[in-house]
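Here is a short note to read beside the structure.

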Amino acid sequence: MKIVFVDKSLKGGLLVSSVYEKAQLGNTTKALDKLSKGFIKTAIDNAEFKGGVEKMLRLPSVPGLSGQLLLLGLGDPKAHTALTLEKVGARLFTCLNALREKKAIIDISDISGVKDLSVAECVAYLASGALIRSWKFDKYKTKREKEDLPVLNELVFVTPSVKESQKAFDKLEAIAGGNRLTRLVVSEPPNVVYPEAMAKYARELKKIGVQVQVLGEKEMKKLGFGALLGVGQGSVRESQLVIMKWMGSAKRADKPIAIVGKGITFDTGGINIKPSNGMEDMKYDMAGSGVVLGLMKSLAMRKAKVNVVGVMALAENMPSGSAQRPSDVVKSLSGQTIEVLNTDAEGRLVLADALWYTQAKFKPQYMIDLATLTGAVTVALGYEYAGLFSNNDKLCDMLTKAGETVGEPLWRLPMGKAYDKDINSDVADVKNVGSGRGAGSITAAQFLERFVNKTPWAHLDIAGMAWDKADKPLTGKGATGYGVRLLNEFLVRNFEK
Ligand code: BES
Ligand code: MN
Ligand code: ZN
C-alpha cells in the first residue's frame, strides 16, 4: 500500500475528516460543513454521531464535495497516545477497505493537545496503524473471492509538516516492516518454512547490512550442540543455528543486547506425539525465531544506533526411526547432561544450547529469549499477556514498560529454588520436564536459567500471543508478530539515547 503525506487537502477520492468528543467538528469538517450550508451538522445530529473514538459516519454525498465523506471519531485528543492513534489508523483501514475505495485522503491535521506528540507525528502514527493492519496472508489463494480482494492501495495523509511526518513515518515503516516479516514466516506452512528456509530469510538481510552466520548440523556437532541436535535428529530437515548481527552503536565496542528465538518449524511432539486435534497450530512454534528475524530487519531498516545479536535456534520436531526417545540422555553445549523425559518439551532443549552459545560467544549486557514454550502459560495468562521470567528486576521493568507502550504486554511470573529442584534428574544433571506438580511454564523457565550462566536474562513465553484466533486491533487474525514492536521499543528507550 502506498502512503503519501501532503500539506493540503487534495481533491479526488474519498475524504476522511475528524469529529471530536461531544460531536465537535474538526477544522476541516467545519469548513466542509460551512461549504455545504450545515449539511454535515444536520447529518451528525440525525445519526446521533458523537465523535467517540473509532466511531465512523459515512456521508455518501455532501453538497459541494465531489467524493464521499467519512467522518472519523477521535474522541478526546488529550486521551490519545501513539498506540491509540495506531489503533484508529488500523480501524480506519478496515473500514475504508470495506468501502471498496482505491484511494482515500485523510485529514486529521486539526488534532491538537495530544501529549508528547506533535500533530505531524500523530498523522504518522495513524498511517503506521493502517500500514500494519493492511498486511494479509493470502499468497496461496489462487481464486480469490471478490469480497476478499484488497482494493485500497493508496492513503494520502494531510499533515502540517510533510517533512516531519515523513521522518517519523520512516521509522514506523521500518518497525511495521519487521512486524510483517515475522507475520509472514509465522504464517507460512511448515513445508515451506523449515530450518534452512529461515536461514535463507536471514541471509536476505545481508543486503540491508545485517551480518549473518549459519551453523549447520556438522558445525554444531563439532561444537557440541547435543541438546539442539537431539531435537532435530528425527527430521529429514537439517537443523540450523542462525546468528545475525546489527552493530549500529556509535561505540562499536558496546556489549550487545542478545535476542534468542525458539525456532521449531513444526512441533509434532516427537515420539511423545501430540494429539492430532490442533496439531496444525504447531506451525507457529517458530514464532520466537520469527520475532528475532523481524526485529533484525527493523533495526537495519531504521539504522538503529544499537548493537544487537539475534540468534535463531531452528529444528523440526518429528517422530521417526531416528528420533530421540523419552529417557534419552544428551550432552548440552554447556557440558550439563539432560535427561529427555518428554520429547515434546523440545523448545527448552534447543534454547539450552542457543542460550549457552550466545552468552559464551557474545558476552551480552542482556540476553532475552522468546519462545512459544508452554501451553501452561495460556492457562495462567490466556491470550492477553506473554509470560515474563527473569533473573534481573531492572530488565523486567524495562521490558514491561516497553510492552505497555506498544500494546504487547508482559506479566512477570515467579522463579526460585523451590521450582528449580523440580527438574533435578535421577540419572543426569537436569531433566527436561518437571515432576508434574503444576507450574509448567515456571519449571520450563527454570530449565532455561540453568543455561544462561548468570547473564542478566529474561524469557518471554509467547505461546498465547504469537497467534490470534480472534481479531487483534492492529494485526487482525492469525500471526501477530508479537515481540517485534515490544523489543524495538525496549531498545529505543533504553539503549539508543
Ligand atoms: N510448542 C509447545 C507449546 C505450545 C503450546 C505453543 C500451545 C503454542 C501453543 C511446546 O513445545 C510443548 O509441547 N510444550 C509442552 C510441554 C510439556 C511436554 C512439559 C506443553 O505445553 O504441553
Ligand atoms: Mn513441544
Ligand atoms: Zn514446541
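1. Contact here means heavy atoms within 4.5 Å. By that rule, 13 residues of domain 1 are in contact with 20 residues of domain 2. The model is predicted, so to read it: local features need pLDDT of at least 70, side-chain atom pairs count only at pLDDT 80 or more, and totals for chains, interfaces and linings use all residues. Residues are numbered from 1 along each chain as its sequence is written, chains are lettered from A and ligands numbered from 1 in the order written, and side-chain values use heavy atoms, with hydrogens and water left out.

2. Where do the domains run? Domain 1 covers 2–160 and domain 2 covers 175–495; such bounds come from an automatic or database domain assignment. Their C-alpha centres lie 38 Å apart.

3. Domain 1 and domain 2 bury about 1,400 Å² between them. Buried area is the accessible area (1.4 Å probe) that two parts lose on being put together, summed over both. Carbon and sulfur atoms carry 62% of it. In domain 1, Ile 132, Arg 133 and Trp 135 lose the most area to domain 2. Together they make up 48% of what that side buries.

4. Three salt bridges are counted between domain 1 and domain 2. The rule asks for a side-chain nitrogen of Lys or Arg within 4 Å of a carboxyl oxygen of Asp or Glu. Arg 133 also forms a salt bridge with Asp 471 (3.3 Å, N to O).

5. Which elements give two or more residues to the side of domain 1 that touches domain 2? They are helix H3 (82–98) and helix H4 (119–134). H4 gives the largest share, five residues. Helices (H or I, at least four residues) and strands (E, at least two) are DSSP runs, numbered from the N terminus.

6. Now the whole structure. The protein has 15 helices and 20 strands. One pairs Lys 139 with Glu 188 (2.3 Å, N to O). This pair links distant parts of the chain, 49 residues apart. Lys 139 sits in the loop between H4 and strand S7 (154–158), and Glu 188 in the loop between helix H5 (162–187) and helix H6 (195–204).

7. Last, overall dimensions. The C-alpha atoms fill a box of roughly 85 × 50 × 45 Å, taken along the principal axes.
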